[in-house]
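Here is a short report on one structure. Look over the sequence and the fold before reading on.

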Amino acid sequence: MLTCLFSLVLNFSFSQEGISLCSWNLKDFGKSKSTAEIIFIAGVLKDFDVIAIQEVVAGDGGAQAVARLADELNRNGNHWNYTVSDPTFSSSYKQERYAFIWKASRLKIAGDAWLEKRYNLEMDREPYYATFESGTKRFTVVNFHAITKKMQPETEIKYFKFLPEQYPDLHLIFTGDFNCPQSHTVFNPLKKMGWLPALTGQKTSLRLKCVEEDCLASEFDNIFYKTTSVTAIATGAIHFYKTLLNIGEANKISDHIPIFIRFTLN
């Protein structure tokens with residue numbers, strides 16, 4: 001059924017102006033994803049320049065699933081490169097990997113991507129960084145998947161206020177599944193330093209069952225960018241579940257919707 005409705009996902013496109021970044025928690029992204037699901041996911045993501053993926057499984061074909069997705073994206077007419085993290089180091093909860101996939105004609109990666117080392121004991125799934133080049137300018141995406149809400153993700157997010165000082169020469173863009181709304185006070189230090197959330201009041205996690213027309217549960221995913229180095233052109237979320245027969249089909253893809261920002265570097 002995914003392939004039958006696949007064309008409906010392709011009704012949006014992005015201007016070539018600026019750089020487009022998408023972030024998506026892809027729910028146990030590994031060998032369990034079928035070919036049809038990989039094709040569907042590629043259709044959602046093909047118009048972006050760089051994609052940050054959370055919840056790539058540490059085993060069971062996680063890295064191979066990223067390669068399958070990159071291969072499918074390549075079939076859409078562009079060349080894509082990708083990098084997958086090692087399993088997160090300190091995870092007592094659930095060890096995972098992260099991934100970045102980027103359009104080679106639009107961006108180059110500068111050096112190697114890396115997992116956070118200084119705060120890898122304070123964060124259960126330490127963030128994954130990659131620095132990208134667009135012409136003569138660079139930006140670094142910090143890809144993060146926090147512990148669940150009941151485990152108090154703010155106890156991890158509070159360390160983000162130290163990262164700009166740790167990497168003073170990098171233009172950091174924080175993204176991922178924070179399991180915490182941007183309105184939480186734990187983000188106030190970042191906001192005071194000039195980082196703003198791309199989304200405000202946008203729920204991003206899927207319900208198991210829709211309540212009438214409401215299929216979204218919580219405001220968990222976001223992108224934080226510094227206004228002195230980044231100018232946002234457009235931000236939003238992709239409600240891919242609306243193209244499928246029911247919310248159960250959507251949850252097989254993911255229990256989160258993808259979010260994005262299109263921006264220029266100052």
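## Around Gly176

Beyond its neighbours within four places in sequence, Gly176 is in contact (heavy atoms within 4.5 Å) with Ser23, Gln54, Phe144, Phe220, Asp221 and Asn222. The model is predicted: local features need pLDDT of at least 70, side-chain atom pairs count only at pLDDT 80 or more, and totals for chains, interfaces and linings use all residues. Residues are numbered from 1 along each chain as its sequence is written, and side-chain values use heavy atoms, leaving out hydrogens and water.

Gly176 sits in strand S9 (residues 172-177); strands are DSSP runs of E, at least two residues, numbered from the N terminus. Gly176 counts as buried because its relative accessibility is 0%, and buried means under 20% relative accessible area (1.4 Å probe, protein chains only). Val211 is 35 residues from Gly176 in sequence and 26 Å away in space, C-alpha to C-alpha.

Strands S11 (residues 206-211) and S12 (residues 214-216) run antiparallel, joined by two bridges. Pairing requires at least two DSSP bridges. Leu206 stands opposite Leu216 in S12. Two residues separate the strands of this hairpin, and Glu212 in the turn has a positive phi of about 55°.

## Lining of the largest pocket

Which residues lie nearest the centre of the largest pocket? They are Glu55, His145, Thr148, Asp255 and His256, out of 17 lining residues. A pocket is an open set of points on a 1 Å grid over the protein atoms alone, where a 1.4 Å probe fits, with protein on both sides within 12 Å along at least five of seven lines; lining residues have an atom within 4 Å of a point. Strand S1 (residues 19-29) gives the most to this lining, with three residues.

How values were computed. Helix = DSSP H or I, 4+ residues; strand = E, 2+ residues; numbered from the N terminus. Buried < 20%, exposed > 50% of the residue type's maximum accessible area, 1.4 Å probe, protein only.
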